[in-house]
Amino acid sequence: MSTTAAVAQEVRLVSDAARGALNEASLLRALDDTAAPQDYIAAARADYRRLLTALYAEGYYGGTISITVDGVEAFDIAPLAAPAQIRQVVIKVNPGPLFTFGDVRIAPLPPQTTLNQDLGPRRTALSGVVRTTVSSGISTWRDLGYAKASVAQQSIVARHDDAKLDVTVALDIGPRLTFGALSVSGNETVSEDRVRQIAGLPTGSVFSPAEMAAAQQRLRRTGTFESASLSESDEIGPDGTLPILAQLSEAKPRRFGFGLELSSVEGLTVSSFWLHRNFLGGAERFRVDAEVAGISGETGGIDYRLGATFTRPATFGPDTEYFLSGEISREDEPEFLLDKISVENGFSRILTDDLTVRAGIGLLRAREETALETREYTLFTLPLDATLDRRDVPTDAKDGYYIDLSATPFISVDGEIAGARLYGDARGYLTVGEDARLTFAGRGQVGSVLGAGLTEAPADFLFYSGGGGTVRGQSYQSLGIETIQGAETVTTGGASFVGAQLEARYLIRDNISLVGFYDIGHVGETSIPAEAGDWHAGAGFGLRYNTGIGPIRLDLATQASGDDAGSDLQVYIGIGQAF
């Protein structure tokens, strides 16, 4: 017995306009010669309703449909009585006349809302327009607080004599409701009071689907919950209130991670973190980060960094987060050695889903060794930051953009050091082509130190260029400012910086991309970017292997400017895109 169906399909349609919709709706048209006869019978029986729905969607309400399998109507063939072999399936559709709208009544409509003009006389009677109009009306009523708005009655009559479609839909909007109590379930270690504070659902205020969505998003973005969903009670509570249920599932409280980056010049960087998602039982996060950089590198000595951050969501409001962080570090760079301990606390405010602003107060104590002097200082800082993130996937963006702006005023306790460090980082992504394989990515950086001179500002507040974070192919921090001090020429960071990185990423296989890039950087003597300084550039190519949690990156780069252009090849290996 053969199980392979040899099938020749024929579709006979009167209207070309309906042909495309019918072809898309038909399950039979999607089958190929490898399908078994049972598959064809099942698809044919399902196609009657699917094709009829497609005709309604196109405005045909008097059509006839016949689907025959070797001359037998498919509807008369039992699902389990498929023949051993099928030679021909014929789909015959006569759409009938094209209907237009007749008498259309959809009421009550929300205030200041008029009936969709596509429902007017002489307009094609597309069923989708009716569904959209009714759905939009109910959605608008819900936005106005009528949470139980629904369709009470509907009558759709096709007048075949004059090819008209009469539509009558009566809406029941119900009472205007306010948010009732938020009931919490599924939480195990996070207290119910904290869940309510984080959700920020405005109990007593007029019901709003947008407020419910915002409360749900607040719970999810804490990272404490694996899932969080809010739903409306089926029953209306006393005094026109609508109880809301929060169904939660908590994520594992602890998480550990690590990272590796390798550069032929900068050496190996090893980083790790430990995270607790519910540190005090109120969805607080406590994270410890450690990093060792410059291992076997040619850029000074080894750098160490150990830091911890505590964050508490829903502090002074559901969209305001408190943070407290501290860090101990040593930076052994080519031009300076810096030992520092710092603490910072402040608040982060989420203005929209993609816009966050932060403000804090910091204190740092540092010991700094440069070719100019060895000094110690204590600074008060006022870090300010705003981030707008509209990337489709932050770890491996294909479209969208990202902007981060920061300003850090600083002053020493003795008043000898004072100024402000400004920095901006903008990134954009665009994927082109029908196959979406080519992505253009660009990054621009600009920075400036105001108020403090090159010999006064903290060494790590000044700007250098060269290396993986600025200009690949150029040696790490190879571009600075040379200052003559007596008989010596001393290199320091600059008071301003301008940089750009351009990449073209082409997906050559499902998980492998080829990348070409060109980077430029400028370090200036003055606080005005791109003034009184030098430029340098680097270029190269690389590979990306997508692991699902971020691409593994390999870049090969060389100098693209100066007398030594093309003389060295530098290798960069890491996890994640360069930007």
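Buried means under 20% relative accessible area, exposed means over 50%, and partly exposed lies in between (1.4 Å probe, protein chains only). This is a predicted model, in which local features need pLDDT of at least 70 and side-chain atom pairs count only at pLDDT 80 or more, while totals for chains, interfaces and linings use all residues. Residues are numbered from 1 along each chain as its sequence is written, and side-chain values use heavy atoms, with hydrogens and water left out.

**View 1. Glu 232 and Arg 142 form a salt bridge.** A salt bridge is a side-chain nitrogen of Lys or Arg within 4 Å of a carboxyl oxygen of Asp or Glu. Here the N to O distance is 2.6 Å. Glu 232 belongs to strand E9 (residues 225-232) and Arg 142 to helix H3 (residues 127-143), so the contact ties together parts that are 90 residues apart in sequence. Helices (H or I, at least four residues) and strands (E, at least two) are DSSP runs, numbered from the N terminus. Glu 232 is partly exposed, at a relative accessible area of 24%. Across the whole structure, a search finds 33 salt bridges.

**View 2. Arg 472 meets Glu 503 in a salt bridge.** Their N to O distance is 2.8 Å. The pair links distant parts of the chain, 31 residues apart. Arg 472 sits in the loop between strand E22 (438-450) and strand E23 (481-485). Glu 503 sits in strand E25 (residues 496-507). Both residues, Arg 472 and Glu 503, are buried.

**View 3. Glu 503 also forms a salt bridge with Arg 505.** The closest N and O atoms are 2.7 Å apart. Glu 503 has 3% relative accessibility and counts as buried. Arg 505 counts as buried too, at 5%. A network of salt bridges links Arg 472, Glu 503, Arg 505, Asp 519, Arg 544 and Asp 555.

**View 4. Strand E25 pairs with E22.** Two strands pair if DSSP finds at least two bridges between them. E22 and E25 are antiparallel, with eleven bridges. Val 446 stands opposite Val 498 in E25. In a regular strand the side chains alternate between the two faces of the sheet.

**View 5. Strand E25 is joined to strand E26 (residues 512-524).** The two run antiparallel, with twelve bridges between them. Gln 501 has Asp 519 in E26 as its bridge partner. Asp 519 is also one of the residues in the salt-bridge network. A hairpin of four residues connects E25 to E26.
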